Amino acid sequence: MSHPTPNPSDTPTPHSPFDPPQSPEEIEAAAAADAADALAQQENTQAELKALQAKVSDLVDQAMRAQAEAQNARRRADEEVAKVRKFAVEAFAESLLPVIDSLEAALNVQNASAEQLPEGTQATHRQLLSALERNKVVEVNPAAGAKFDPTREQAISVVPAEQDAGTVVSVLQKGYTIADRVLRPALVTVAQ
């Protein structure tokens, strides 16, 4: 008569040939211990999952706060740029007010002499240049013979001249820069 060989999955605990035979109570206790271990492991896994979910939620919250802070910083910077532009124009306009006053005073003089007109015009011109310089507007007026600078000057024509080639012969219209940025290039003729 042959005995069926025991299947290892039938017994919940490992059984070796050297172990004494187990009673049904021991087998039941081992199964209960295995079930308790499995339950504890499941509870640990659920606790780890909850901790990770809380960490993810915290990181999402931090990211949203950082994004909101960046948007607020961008908005504040835009507002600051708008204020700077507004007050820069205001300061420039304020520096031109004395020039306007001088021009209006000149227009109100009914019987100006031939000497008063050029003097008043020159004084007003000096006021205007001073207002421009205070606002970093500087004229570009190269001297004859100066090397042609294409970054600040525009050559209208090239003419034969007795000076070196590539130098300014004459200025047809002054140019202007503002804080080293060209507002209008000087219009010049250049030696051939």
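**Note on the salt bridges**

1. Arg 152 is partly exposed, at 33% relative accessibility. Cut-offs for relative accessible area are under 20% for buried, over 50% for exposed, and partly exposed in between (1.4 Å probe, protein chains only). Its partner is Asp 149: the two form a salt bridge, with the closest N and O atoms 4.0 Å apart. Asp 149 is also partly exposed, with a relative accessibility of 24%.

2. On provenance: this is a predicted model, where local features need pLDDT of at least 70, side-chain atom pairs count only at pLDDT 80 or more, and totals for chains, interfaces and linings use all residues. Residues are numbered from 1 along each chain as its sequence is written, and side-chain values use heavy atoms, with hydrogens and water left out.

3. The salt-bridge rule asks for a side-chain nitrogen of Lys or Arg within 4 Å of a carboxyl oxygen of Asp or Glu.

4. Asp 61 pairs with Arg 65 in one of them, at 3.0 Å between the closest N and O atoms. Both sit in helix H1 (residues 24-108), four residues apart, so about one helical turn separates them. Helices here are DSSP runs (H or I, at least four residues), numbered from the N terminus. Arg 65 is exposed at 56%. Asp 61 is partly exposed at 32%.

5. Helix H1 also holds Arg 75 and Glu 79, again four residues apart, about one turn of the helix. Their side chains form a salt bridge, 3.2 Å from N to O. Arg 75 is partly exposed, with a relative accessible area of 41%. Glu 79 is partly exposed too, at 41%.

Notes
Helices (H or I, at least four residues) and strands (E, at least two) are DSSP runs, numbered from the N terminus.
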